[in-house]
Amino acid sequence: MIKKIILLCCIGFFIACGSNKPVVRTSKSSSPSKPVVRTVRKPVEKSSNPVKPNSENSTNTTAKNEESTQILEATTRVKVTTALVLEYIEKYKEIAKKDMKEYGIPASITLGQGILESGAGTGPLSAQANNHFGIKCHKEWTGPSVKYDDDEAQECFRKYNNPDESYRDHSLFLVTRERYSNLFKLDKNDYVGWSKGLKNAGYATDPNYPTKLIGLIERYQLQKYDAEVLGINYVPNNIASIDKSKDIVSTNIDLHQVIKGDTLYSISKRYNISIDDLKKKNNIADTGISIGQKLIVK
């Protein structure tokens, strides 16, 4: 019996050894192995200079109605908005028209000089002394004054109680001086002749004074106040350009009216003109243009 048992065990052993199936030991505590995956979150980097959405390229400044700026240079250099200039004109146009009737100085010249010399009322002389025309003391002045750096350091400028006094003194200043006498021989609506005559008579030392003054008068259509005083019809948009090579006025020009989305770059491409030439033709000091503004493009 014992032999039979031993024989059976031997047979089972050999059968197991000859099998091509592996012998696998299992355990209740064991579980199928799975790969271990570690998820690592990449830290979010905060930029010290975040990019603002909808930021505009400064070289492609779009036209902004009543928000565009321009640089006015005379006794001072200031930047003003179109809205401020229009507000200034509305405030002082009646005084300019009244002085034109009384003294014969074109209202367009008075308003244009007021805008240019005072920075539309924002310059230091107008703020501190109500001096809107940059008139210096001169030897005959006995009223109050202020010191201000102009052609020389700490020059004496006249001080007024209010802007109305400054406007009146401006008229008297031109009427009572012999060197300005030839201006009163010009037509009352000849703002170009007046602008050049003021420079030739020594009102300003800036060689570009006539160009700046004429540019302001034409940009803001100040000639219409001359026409109102003279009782003649005024035709708007007949903007003249100064031909520097011939020193004459030409009205045979093409105009472009600024619309929303226009930039100096887009306008220059449309009319095949350089941005610099476009700015020079329209007396534009920076990149600001206004919706509705008419620009000389040829």
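Helix axes are lines fitted to C-alpha atoms over the stretch in contact, and the angle between two of them, taken between N-to-C directions, runs from 0 to 180 degrees. The exercises below apply this to a predicted model, in which local features need pLDDT of at least 70 and side-chain atom pairs count only at pLDDT 80 or more, while totals for chains, interfaces and linings use all residues. Residues are numbered from 1 along each chain as its sequence is written, and side-chain values use heavy atoms, with hydrogens and water left out.

**Exercise 1. Describe how α3 and α6 pack, and find which residues meet.**

Solution. Begin with the elements themselves: helices (DSSP runs of H or I, at least four residues) and strands (runs of E, at least two) are numbered from the N terminus, and the protein has 10 helices and eight strands.

Next, take the geometry: α3 and α6 pack at an angle of about 50°, and their axes are 9 Å apart. Angles under 35 degrees count as roughly parallel, over 145 as roughly antiparallel, 65 to 115 as roughly perpendicular and the rest as oblique, and α3 is therefore oblique to α6.

Finally, list the partners, where contact means heavy atoms within 4.5 Å: Ser-108, Ile-109 and Gln-113 of α3 meet Tyr-191, Trp-194, Ser-195 and Leu-198 of α6. These residues divide into four nonpolar, three polar and no charged, given that Ala, Val, Leu, Ile, Met, Phe, Trp, Tyr, Cys and Pro count as nonpolar, Asp, Glu, Lys and Arg as charged, and the others, Gly among them, as polar.

**Exercise 2. Determine how α6 and α7 are oriented, and what kinds of residue form their contact.**

Solution. Helix α6 covers residues 191-200 and helix α7 covers residues 209-219, and they pack at about 150° with their axes 8 Å apart. The two helices are therefore roughly antiparallel to each other.

The contact involves Tyr-191, Val-192, Ser-195, Lys-196, Leu-198 and Lys-199 on the α6 side, and Tyr-209, Pro-210, Leu-213, Ile-214, Ile-217 and Glu-218 on the α7 side. Sorted by kind, the residues of this contact are eight nonpolar, one polar and three charged.

**Exercise 3. Is α3 largely enclosed or largely open, and what are its length and its following residue?**

Solution. Consider the length: α3 (residues 107-118) has 12 residues and reaches 16 Å from its first C-alpha to its last, close to the 16 Å expected at 1.5 Å a residue, where the expected span is 1.5 Å times one less than the number of residues.

Then consider burial, where buried means under 20% relative accessible area, exposed over 50%, and partly exposed in between (1.4 Å probe, protein chains only). In α3, 12 of the 12 residues are buried, so the helix is largely enclosed by the rest of the structure. After α3 comes Gly-119, whose phi is positive, near 65°.
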